[in-house]
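Here is a short briefing for a first look at this structure. Keep the sequence and the 3D view side by side as you read.

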Number of protein chains: 2
Amino acid sequence: MRKKNLEEFAYDAIIKLILENHFKPGDFLLETELADTLEISRTPVRNALGQLVAEGFLDKKKKKGCYIPSPTPQDARHVFYARENIEGLTAASAARYAVDEDIQYLYKLIEKEKNVTNPGEQEGKMAYLKINEKFHLGIARMSRNKYLEQYCRHSFWRSHTYIFFFDSDYTGLTSGEQKVGPSQHIEITKAIENRNEEKEIGRASCRERVVLYV
Amino acid sequence: MRKKNLEEFAYDAIIKLILENHFKPGDFLLETELADTLEISRTPVRNALGQLVAEGFLDKKKKKGCYIPSPTPQDARHVFYARENIEGLTAASAARYAVDEDIQYLYKLIEKEKNVTNPGEQEGKMAYLKINEKFHLGIARMSRNKYLEQYCRHSFWRSHTYIFFFDSDYTGLTSGEQKVGPSQHIEITKAIENRNEEKEIGRASCRERVVLYV
DNA sequence: AGATAAACTTATGTATACATTAATGTTTTT
DNA sequence: AAAAACATTAATGTATACATAAGTTTATCT
């Protein structure tokens, strides 16, 4: 991979800190503190934070700082509703543009998913999440639409906020998410695969089928 | 409005410069130059540019700078496809959550739209665009979904890149866009209004009806 | 004591000097 | 003359000092 500059380093590091639960909702991410932790100056930290705010992962109070958004039930509904529908769109588009190689990629992920040991344990959970992410963002990529992919990635990450903060066992609460598993992923992959062969059938019906998705 | 800091000032100013055609696709927006023009230091300019890049309005080449994305026919298709579908989603959501006041707001915009003088002239064109923006982003707001609204706003703006750069007369090329006018806006508003009264009818069919949209 | 105002604290906002590097032009070598 | 090595340039990338303002504490007045 090409060499990363400090801003990118900071960006990745901050995300990592968040995912590792170093912060809770409402917590401010102090520029000085982060700079100190990462042993770089405030500038790249500040820029990375600005990026995260612009992308909607952090909220910001003027002259006060960036903070972890406080999730609310209403916001959760919004995120999951948006994600569900956007993923429906990308899946529909993927169904049109996916090539054999793509389908194989998805099936390989499903195999890996089946082999995750101790899905209950923290380690197994993380492994599962990583595969799950690859699956969903993989389909987003297969839509061959930069914009849909971007929105998909965003809502996916944003929805994960809830999983990380609220659903530390990855079992309950988060609407729909707990239903995801190999069997759903197989269904989705098959839907995409089939649609790929029967191109004459309109996108709308495909969207209908792949809407189970999430 | 609350006081804006220099970063926000720079953000607005840069967008204004872009919309006023000070740059063409591929042009680099030089930090020093902008700072000089706006008579502020590089820092807020740089942050504003970073924001625009993070939001996807500008592209960036590392250690080279931020530049106006070079639009391609393929990218245009992606943008308009994304926008059409996302706007369909927001409109469907708006149809569920819009209140009387919202509907009135839309009708008022349509009236204003009808009264735009010299829609052919540059001035009239700008007036029309402003109203059009209010209409589309207004519906996005009525979806009462922060995320859908965000994606909607993004794809709307991104699609306008094409209108500004390629379709300086606002007549041809840009798929769908030229078809927009009071009559379409009336149709959309009516669809939202009706769906608002007949809540029992599913979202899917509503999405179908409002998909003309764009 | 309670309310108001002044001072303080702390983190962000801004300017600026300096470092780095991608791109380009120039020289040298073959 | 073409190619490689070197030097220049011009912009971004980074660090840091200082300015500003939101929030908090302390002091003052009634």
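Which residues are closest to DNA strand C, and how many residues surround it? The model is predicted. In it, 17 residues surround DNA strand C. The closest are Glu31(A), Gly65(A), Asn5(B), Leu6(B) and Ser41(B).

**The surface near DNA strand C**
- α3(B) gives the most, with three residues.
- By type, the residues of this surface divide into eight charged, five polar and four nonpolar.

**The contact between chains A and B**
- Chain A brings 20 residues to the contact, and chain B brings 20 residues.
- On the side of chain B that touches chain A, α3 (42-54), α4 (73-97) and α7 (146-166) of chain B each supply at least two residues.
- α7(B) gives the most to that side, with seven residues.
- The residues of that side of chain B divide into nine polar, eight nonpolar and three charged.

- Chain A holds an open sheet of three strands, in the order β1-β3-β2, with antiparallel pairing.
- β1 (28-29) and β2 (59-61) of chain A are the edge strands, and each pairs on one side only.
- β2(A) pairs with β3 (residues 65-67) of chain A over three bridges, in the antiparallel sense.
- Across from Lys60(A) stands Cys66(A), in β3(A).

Methods:
Residues numbered from 1 in each chain as written. Chains lettered and ligands numbered in written order. Predicted model: local features only at pLDDT ≥ 70, side-chain atom pairs only at ≥ 80, totals over all residues. Contact = placed C-beta atoms within 7 Å. Helix = DSSP H or I, 4+ residues; strand = E, 2+ residues; numbered from the N terminus. Nonpolar A, V, L, I, M, F, W, Y, C, P; charged D, E, K, R; others polar. Near = placed C-beta within 6 Å. Pairing = 2+ DSSP bridges.
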